[in-house]
Amino acid sequence: GMTNAPGATIVFGGASVFAGNLENRGTITTLASGAIGNLDGNITNFGTIAAVSGSQIRFLEGTYLHEGGTLSGRIVWLEVAVTLNANLAVAGTAEFFGTTVGRPVGGSAQLLVSSGAAAISYGSTFNVPVAIAGTFTFSSLGGISQLLTTKLNGVVTTTDTAVLVLQTANEAKAPVNVEVAQLFTNNGTLRFTSTEFTDVFLAVAGMTNAPGATIVFGGASVF
């Protein structure tokens, strides 16, 4: 394993891979647009992870332990077990592919999608509270017939700037399903965009559409 110390920097200039266990207390970043930095191993973050515009930093399988620090730009988790010991605030775009996000028993960490930020889930499970002030998109994958269900098992809160979007990808072969386990209040916009598939938003414990909030059906969808 390796520790990236405070003040130290890892810079990805192309489509490269860091393989192994890594504790980041410094900075992980990309050099320029088009760069793809891949982290393949068990990653613990206390520091800064910043993908510059037009680039991305990806976590490949393995685990990601969030102990603090900041993440910005396009950050992608691909089938990763994510554990939050501190709030994970999305600033930029965070994408979760087949990923499970949790926290230790007795923990208080949340996933925060700030105003102006975006989170995208492709069949991921969130076992932590999710606070949404930006855009949270639930999507399928183009060319894939597998039904992808995103599960929000923690408490979900929204502001009036929050936008929740069910969106089937281009050339998708299956709809999108979202399950919200706990009682939920929509204070912003819940939007169904598919015109080809019947996407489903299941509020298991019920939902309140608050004064000023909006539900928009764009196709053959089901609440």
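Two strands pair if DSSP finds at least two bridges between them. Strands (E, at least two residues) are DSSP runs, numbered from the N terminus. This is a predicted model: local features need pLDDT of at least 70, side-chain atom pairs count only at pLDDT 80 or more, and totals for chains, interfaces and linings use all residues. Residues are numbered from 1 along each chain as its sequence is written, and side-chain values use heavy atoms, leaving out hydrogens and water.

**View A. An open sheet of 10 strands.** The order is β1-β4-β7-β10-β12-β14-β17-β20-β23-β26, with parallel pairing. β1 (2-4) and β26 (200-203) stand at the edges, each with a single partner strand, so one side of each has no neighbour in the sheet.

View B. Thr3 sits opposite Glu23 of β4.

**View C. Thr125 in strand β17.** The strand covers residues 125-126. Is Thr125 buried or exposed? Thr125 is buried (under 20% relative accessible area; exposed is over 50%, partly exposed in between; 1.4 Å probe, protein chains only), at 19%. Contact means heavy atoms within 4.5 Å. Leaving aside neighbours within four places in sequence, Thr125 contacts Thr99, Thr100, Val101, Lys151 and Asn153.

**View D. Strand β16 and its parallel partners, β13 and β19.** Of the 5 residues of β16 (residues 118-122), 4 are buried, so the strand is largely enclosed by the rest of the structure. 5 bridges join β16 to β13 (residues 88-97). Here Ala94 stands opposite Ala119. Another 4 bridges connect β16 with β19 (residues 135-139). Ala118 has Thr135 as its bridge partner in β19.
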